[in-house]
Structure formats: structure tokens, C-alpha cells
Amino acid sequence: LIVEDDYIIADMIAQVLEKNGHHVIGKAEDVMQAVAYLEKGTIDIALLDVGLQGDLNGIDLAKKIKSSYDLPFIFLTSSIDKNTLEKVSETGASGFLSKPFKTEDLLMSIHLATRDEELIADVPDELFSEYLFVKQRGIYQKFAFDDILWFKASGIYTEIHTRKDTIVIRSLLGEVANKLS
């Protein structure tokens, strides 16, 4: 999720991410739009502009993400004064990039922020024979293997199609297959 009130910057970030195999679930201009995206679906990471327009800023959104969604977020900002850095450091951000930033720095920050996220749980064999445990919003959800229809590779993501819905996780299909074997 990209939360940036400058449409040109948001679009540029989205293009860079998609060109490098990431799926951008949406671009929000303010906190309210961002929360709507957060409520809708599975998000692996949020990129937050600190100085958003409106009553609430990126730091306010970071606090909401930390308390309600348990997902990593990286701050993007053009203002790097001491006061901003202190406020950002109190949020538990996974990263901080000063605009303008290099593509490599953005991609590395995302990689570092998401690398420790274990999306498929290691569980005892007696449970694993019947269920797949997938982490969503910081909580492992249980899916019966009988309810899983198919898996689909989608770049660096894997879609898990079940009888009820589709779950998208940030993991290569090969990595998922290795976990399942």
C-alpha cells in the first residue's frame, strides 16, 4: 500500500514496485483512504508519507497500523528535521527513506522489512496433515487442505484459492511448495 498525497510520486513508486515484481494493492492520498485499503485486504507492507494533507498525518496512520494491523511500514519524507525523526522513531517503523530516494534503497528497505515474516507456519505433523496455517494481519489462519482448490504463482506472490475465497501471500510458489513437502 502506498500512502502519498503527491499523485506523481505515488505513481512513480507504484511503477517501480510493479516493475520489480511487487503488487501494489492501492494508492491512498490520506489516512482515511489508507484505512479503507487496510480494512479491505491483505497488505504486506505500507509505504507512508509523513506529511500527508489533512487532520491526520503519516505518523498518526503508523500508530493505527501498529495497534490494529500489525504489518511493517516504511516512512517516506522530504523533511528530515530532528523533531520528525524523533516522532518517526517512536512508531516502530521498519524503515525511513528521505525523498528523493534511489530505487535500490526502496527495494532493499521493503525486502528487509518483510523478510522475517513467516507466512506459512511450521506446525506439528499431526496438524499439518490436515491444515495449512497462513499468516494474515499478524495472526495465523487455519485452512483445511480439503478446502484448498489450487495454488497460483503471481510474481513474488502466491495465490491460494479455496472454496470460500482467495488468499494472497508474499511468497514464491516454490517456497510454498517446499514448506508443504
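This is a tour of the structure, one selection at a time.

The model is predicted: local features need pLDDT of at least 70, side-chain atom pairs count only at pLDDT 80 or more, and totals for chains, interfaces and linings use all residues. Residues are numbered from 1 along each chain as its sequence is written, and side-chain values use heavy atoms, with hydrogens and water left out.

**Whole chain**

Start with the protein chain in cartoon view, where there are seven helices and ten strands. Helices (H or I, at least four residues) and strands (E, at least two) are DSSP runs, numbered from the N terminus. Of the 181 residues in the protein chain, 41% are buried. Buried means under 20% relative accessible area, exposed over 50%, and partly exposed in between, with a 1.4 Å probe and protein chains only. Take the contacts between residues at least 6 apart in sequence: 47% of these join residues at least 24 apart. Contact means heavy atoms within 4.5 Å.

**The five-stranded sheet**

Next, select S1 to S5. They form an open sheet in the order S2-S1-S3-S4-S5, with parallel pairing. Two strands pair if DSSP finds at least two bridges between them. The edges are strand S2 (27–28) and strand S5 (95–98), each of which pairs on one side only.

Zoom in on strand S1 (residues 2–3), which runs parallel to S2 and is joined to S2 by two bridges. Here Val3 stands opposite Ala28 in S2. Then move to S3 and S4, a parallel pair with four bridges; Ala46 stands opposite Phe73 in S4.

Stay on S4. Five of the five residues of S4 are buried, so this strand is largely enclosed by the rest of the structure. Both of its faces are covered, with Phe73, Phe75 and Thr77 on one side and Ile74 and Leu76 on the other.

**The nonpolar cores**

Show side chains for Val3, Leu38, Leu48, Leu61, Ile65 and Phe75, the residues with the most contacts inside the largest nonpolar core, which has 21 residues. A nonpolar core is a set of buried Ala, Val, Leu, Ile, Met, Phe, Trp, Tyr and Cys residues joined through side-chain atoms within 4.5 Å. Helix H2 (31–40), strand S3 (46–49), helix H3 (58–68) and strand S4 (73–77) each supply at least two residues of this core. A second, separate core of 16 residues includes Leu17, Leu47, Leu76 and Leu106.

Now centre on Leu48. Leaving aside neighbours within four places in sequence, Leu48 is in contact with residues including Val3, Leu61, Ile65 and Phe75.

**Helices H2 and H3**

Select H2 and H3. Their axes come within 10 Å and cross at roughly 20 degrees. Axes are lines fitted to C-alpha atoms, for helices over the stretch in contact, and angles run from 0 to 180 degrees between N-to-C directions. The contact is made by Val31, Ala34, Val35 and Leu38 of H2 and Leu61, Lys64 and Ile65 of H3.

Which strand holds Thr158? Thr158 lies in strand S9 (residues 157–162) and is buried, with a relative accessible area of 0%. Not counting residues up to four places away in sequence, Thr158 touches Phe151, Ile167, Leu173 and Val176, among others.

Last, pick Ala153 in strand S8 (residues 148–154). Ala153 is partly exposed, with a relative accessible area of 45%. The C-alpha atoms of Ala153 and Leu173 are separated by 5.4 Å, although these residues are 20 residues apart along the chain.
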